[in-house]
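Here's a quick tour for anyone meeting this structure for the first time.

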Amino acid sequence: MSEIRKGYVRPLDLKHGQVDMAHGSGGRAMAQLIEELFAKHLGNEWLAQGDDGAVLPPGSGRLVMATDSHVVSPLFFPGGDIGCLSVHGTINDVAVMGAKPLWLSAAFVLEEGFPLAELARIVESMADAAREAGVPVVTGDTKVVERGKGDGVFITTTGVGVLPEGRSLSGRKARPGDAILVSGTLGDHGMAIMAQRESLGFESPIVSDTAALHGLIAALLETGADIHVLRDPTRGGLATTLNEIAQQSGVGMMLRENAMPVKPAVAGACEFLGLDPLYVANEGKVVVICAPQDAERLLSALRAHPLGADAACIGEVRADPHHFVQMTTGFGGKRIVDWLTGEQLPRIC
Amino acid sequence: MKYIDEFRDGEVAKGIAAAIRQEARPDRRYHFMEFCGGHTHAISRYGVSDLLPENVRMIHGPGCPVCVLPIGRVDQAIRLALEQGVTLCTYGDCLRVPASEHLSLLKAKAKGGDIRMVYSSADAVALAQKHPEKQVVFFAIGFETTTPPTAVAIKQAKALGLANFSVLCCHVLTPSAIASILESPEVRQWGTVPLDGFVGPAHVSTIIGSRPYEFFAEEYRKPVVIAGFEPLDVMQAIRMLIRQVNEGRAEVENEFARAVSREGNLKAQQLVAEVFELRKAFEWRGLNVIPYSALKLRREFAEFDAEERFALDYRPVPDHKACECGAILRGVKKPQDCKLFGTVCTPENPIGSCMVSSEGACAAHYTYGRYKDV
């Protein structure tokens, strides 16, 4: 006869268990999932309160808030997974505003039947990324949708940071003559995802560049250089980001194809698939637009940081009533680097 | 990247550009048509025209597979997906080609059609194997380069006894399109399209060889230089064409000797002959109905012919009234001559097929070269 232990609650089966509708019902099953998975890994003083929201101290300066949903497929890819990506993506959105990221929220939409073991891997990866970045997840939410109504896991994160008085970065501030820098090689994330897709049937050594950039950005801001715009070239790649900035600032740009940092493996995979690395997503790169006299100083600061070793100056801002982003090709001609049309790669972040 | 960078070298390009400037006679103009969309794309993307002297001009040809696909064929594919409930597989470029009733395959997908982008015809066969309960149709388009893989897929389906796989065959033939251009009144009678020679297809020629072009050189006295898709290939081919014109020659020359032989890929040709036969007539966008210009499945493979299986009829649909795609595909007009270009017709909302694929003359000019128009 087996003995029934008092006060024993059978823990979540993290090996073989699956998400079911009860995990989103608001009942005991949900409380257990939160406690044994989310709170366990992400745990901090705010989550420990178990309240509906986090009570946070007022920061010094203005608040910056950014949000980002993550729907990447596959969920796990070389160099990362949806967990760390959802932390990095939002930290970067806050950081490129010139702010110091302080807190994150995380909302999960889980699909019925999703293995708890994979969810645990994702939450652990998120926790590691948040810990490493020093930006805790202070509040969150979990919902479960029926099988077939989601794709495993969707994660939405929101970040809050503080911006010191007097600092103001914006996509509207690029001026003719400004230098355009990029912190490293282009297209790594998008091609790492692409190479994972089974239908392509090729193996590659390409690893996603997903990383939190607030440390690198802090180092740039500390130089005191005259930085006008910072932006992370994610979906749509560098080309799309520069077109957004050109439009916002009402300027044109002239780039140099020969100056673009692209890893040979990424260039090769792009060639093979007929893609252009300038349109392929990055998750750990920043575009810097600055006064021309400060370009060298900022390049040195970028290259001194592990995340900016391959930084390069890729062109400059020009006056142009048509807001064209153009490029001198390595071949010796000239062309437009246009907005991305349609979707080049599906569901990359 | 080895074997790529060598063919994009800016220094070598400067050398060829200097030679072209030297050899092109200042007292005449040179008009060459690059037949293939692949060349159109390379010329726009690398800025090849910037390196050519003013009296050497390129005319974009009709060799872009999705550009020549008439609305009626896309409509057939959409009908299969929306009315017959099939899983329709096709190459990515096809998805945005405008069809009737403001639809495209992409919009039909949003309406609930099961439409999938595949990278290869083999993916469509694999899908049919995996889902025996679904009818899977491969919407097969393209010139001679994409035809052999479709033939392989059909043979594979037959060997596997797949009862749920079929092909909507819209494969077309390059020599027919070239002949149609050369026979057009603009070239032959009115002389409104001056044409001094062709940059001949790259990938197509790896399959069919250089021999089929000999007829055009002899019969129509037009030089043809087969060229690879890299920008240096195109530059070198232009230089070779200028030489032929200067010397009064009209021959087939092969700049792309690293991949193209006179006979072509005999195994691929045999495979295509085994599975396909000529259609009596086929409608092309811009070039109208051209006799014996496209392929259909042979009787022995008729069970894999989607047109037979689903009793599809073909209904031709005229292009948008103001759309100049037809004239652009024949080299009669340039993209910027079209009223719709860059206004209501953009890569985001294409009205005509030439604005869809990156190989289309309008899309290539809009994406890479429109700064020259302002």
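**The second largest pocket**

About 680 Å³ of space lies in the second largest pocket. A pocket here is an open set of points, on a 1 Å grid over the protein atoms alone, where a 1.4 Å probe fits, with protein on both sides within 12 Å along at least five of seven lines; lining residues have an atom within 4 Å of a point. The volume is the space filled by probe spheres set on the points.

This is a predicted model, where local features need pLDDT of at least 70 and side-chain atom pairs count only at pLDDT 80 or more, while totals for chains, interfaces and linings use all residues. Residues are numbered from 1 along each chain as its sequence is written, chains are lettered from A in the order in which they are written, and side-chain values use heavy atoms, with hydrogens and water left out.

*What lines it*

- Of the 31 lining residues, B:Arg57, B:Met58, B:His60, B:Lys334 and B:Gln336 sit closest to the centre.
- β13 (334–336) of chain A gives two or more residues to the lining, as do α2 (37–46), β2 and α15 (361–369) of chain B. Helices (H or I, at least four residues) and strands (E, at least two) are DSSP runs.
- β2(B) gives the most, with 5 residues.
- By class, the lining has 12 nonpolar, 10 polar and 9 charged residues, with Gly counted as polar.

*B:Gly61, in strand β2*

- B:Gly61 belongs to strand β2 (residues 56–63) of chain B.
- This glycine counts as buried because its relative accessible area is 10% (buried means under 20%, exposed over 50%, partly exposed in between, with a 1.4 Å probe and protein chains only).
- Leaving out residues up to four places away in sequence, B:Gly61 touches B:Met33, B:Glu34, B:Phe35 and B:Leu329 (contact means heavy atoms within 4.5 Å).

*Salt bridges*

- Over all chains, 43 salt bridges turn up (a side-chain nitrogen of Lys or Arg within 4 Å of a carboxyl oxygen of Asp or Glu).
- A:Asp338 pairs with B:Arg370, their closest N and O atoms being 2.8 Å apart. That pair crosses between chains, from the segment after β13 of chain A to the segment after α15 of chain B, and both residues are buried.
- B:Glu307 and B:Arg279 form another salt bridge, at 2.7 Å between the closest N and O atoms. They are 28 residues apart, B:Glu307 in helix α13 (residues 306–309) and B:Arg279 in the loop between β10 (276–278) and β11 (281–284) of chain B.
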